[in-house]
Amino acid sequence: MPKVVTAGNVTWMRRAIRLARAAAARGEVPVGAVLVVGGRIVGRGSNRPIGSHDPTAHAEIVALRRAARSLRNYRLPGATLFVTLEPCLMCLGAMVQARIARLVYGASDPRVGVTALLRGRPAAGLNHRFEIAGGVRGPECAALLKEFFRSRRGRRPN
């Protein structure tokens with residue numbers, strides 16, 4: 001996956017990381033997302049499936065819902081979604097439906113991340129494609145997740 005580190009990408013990812021930390025403080029898996037259109041944030045989200053009793057309340061979905069409400073349109077052309085963790089299949093589907101232009105993520109998710117499905121070939125059945133860049137502030141995003149799960153298991157950091 002191409003890694004495109006620009007000042008803008010780093011700035012927006014920093015905002016997503018703040019949201020991920022807020023999720024961790026609530027006992028949620030630390031994932032944060034911001035959706036940017038025209039240089040401004042139009043949707044923010046952090047993981048909240050536990051607290052909201054909603055399995056679809058991933059950071060990406062929350063940000064997409066808020067942006068769509070804010071812009072009064074379920075299509076979000078020209079939007080870039082910045083998320084601290086590589087999205088799952090459900091979130092990929094939501095991004096396709098929203099017609100975003102670009103996805104930028106931090107940490108890779110080898111278990112359920114779906115960008116591998118899109119690498120170098122069109123994904124079967126997808127009627128919309130978008131640019132993907134991974135690894136932006138990846139080590140920092142991965143460290144948030146590792147620390148969260150380490151603390152949940154009661155281990156001390158090495």
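**Figure 1. Overall view of the predicted model.** Buried residues account for 46% of the 158 residues in the protein. The model is predicted. Six helices and five strands make up its secondary structure. Along the sequence they run α-β-β-α-α-β-α-β-α-β-α. Take the contacts between residues at least 6 apart in sequence: 60% of these join residues at least 24 apart. The exposed surface comes to about 8,300 Å², with 54% of it supplied by carbon and sulfur atoms.

**Figure 2. Helix H1 and its cover.** Helix H1 spans residues 7-25. The buried residues of H1 are Asn9, Val10, Trp12, Met13, Ala16, Ile17, Leu19, Ala20 and Ala23. Four strands are among the elements that cover them: E1 (32-37), E2 (40-46), E3 (80-85) and E4 (102-107). Helix H6 (138-152) also contributes to this cover. Just after H1 comes glycine 27, with a positive phi of about 85°.

**Figure 3. The packing of H1 against H6.** Two packed helices are described by the angle between their axes and the distance between the axes. For H1 and H6 the angle is about 5° and the axes lie 11 Å apart. An angle under 35 degrees counts as roughly parallel, so H1 is roughly parallel to H6. On the H1 side, the contact is made by Met13, Ile17, Ala20, Arg21 and Ala24. On the H6 side, Glu140, Cys141, Leu144 and Phe148 take part. Seven of the residues in this contact are nonpolar, none is polar and two are charged. Met13, Ile17 and Ala20 are also among the buried residues of H1.

Figure 4. Glycine 135 sits in the loop between strand E5 (131-134) and H6. Its relative accessible area is 17%. Buried means under 20%, so glycine 135 is buried. Valine 104 is 31 residues away from glycine 135 along the chain, yet their C-alpha atoms are separated by 8.1 Å.

**Figure 5. Glutamate 131 in strand E5.** Glutamate 131 belongs to strand E5. Its relative accessible area is 43%, which means that it is partly exposed. Leaving aside neighbours within four places in sequence, glutamate 131 is in contact with Ala101, Arg102 and Leu103. Threonine 80 and glutamate 131 are 51 residues apart in sequence. In space, their C-alpha atoms are 9.1 Å apart.

**Figure 6. Helix H3 and its cover.** H3 has 13 residues. At 1.5 Å a residue they should span 18 Å, and the end C-alpha atoms are 18 Å apart, so expectation and model agree. Ala59, Glu60, Ile61, Val62, Ala63, Leu64, Ala67 and Ala68 are buried in H3. The elements covering these buried residues include strands E1, E2 and E3. Helix H4 (89-98) is also among them.

Figure 7. Alanine 94 lies in helix H4. Its relative accessibility is 21%, so it counts as partly exposed. Which residues does alanine 94 touch, not counting those up to four places away in sequence? They are Ile61 and Leu64. Both of these are buried residues of H3. Alanine 94 and isoleucine 61 are 33 residues apart in sequence, but 7.0 Å apart from C-alpha to C-alpha.

Figure 8. Histidine 53 lies in the loop between helix H2 (49-52) and helix H3 (59-71). Its phi is near 55°, a positive value in a residue other than glycine. Is histidine 53 buried or exposed? Its relative accessible area is 73%, so it is exposed. Arginine 72 lies in the loop between H3 and E3. This residue comes just after H3. With 77% relative accessibility, arginine 72 counts as exposed.

Conventions: Residues numbered from 1 in each chain as written. Predicted model: local features only at pLDDT ≥ 70, side-chain atom pairs only at ≥ 80, totals over all residues. Heavy atoms only, no water. Helix = DSSP H or I, 4+ residues; strand = E, 2+ residues; numbered from the N terminus. Buried < 20%, exposed > 50% of the residue type's maximum accessible area, 1.4 Å probe, protein only. Contact = heavy atoms within 4.5 Å. Areas by Shrake-Rupley, 256 points an atom, 1.4 Å probe, with all protein chains shown as cover. Expected span 1.5 Å × (residues − 1). Axes fitted to C-alpha atoms, helices over the stretch in contact; angles between N-to-C directions. Parallel < 35°, antiparallel > 145°, perpendicular 65-115°, else oblique. Nonpolar A, V, L, I, M, F, W, Y, C, P; charged D, E, K, R; others polar.
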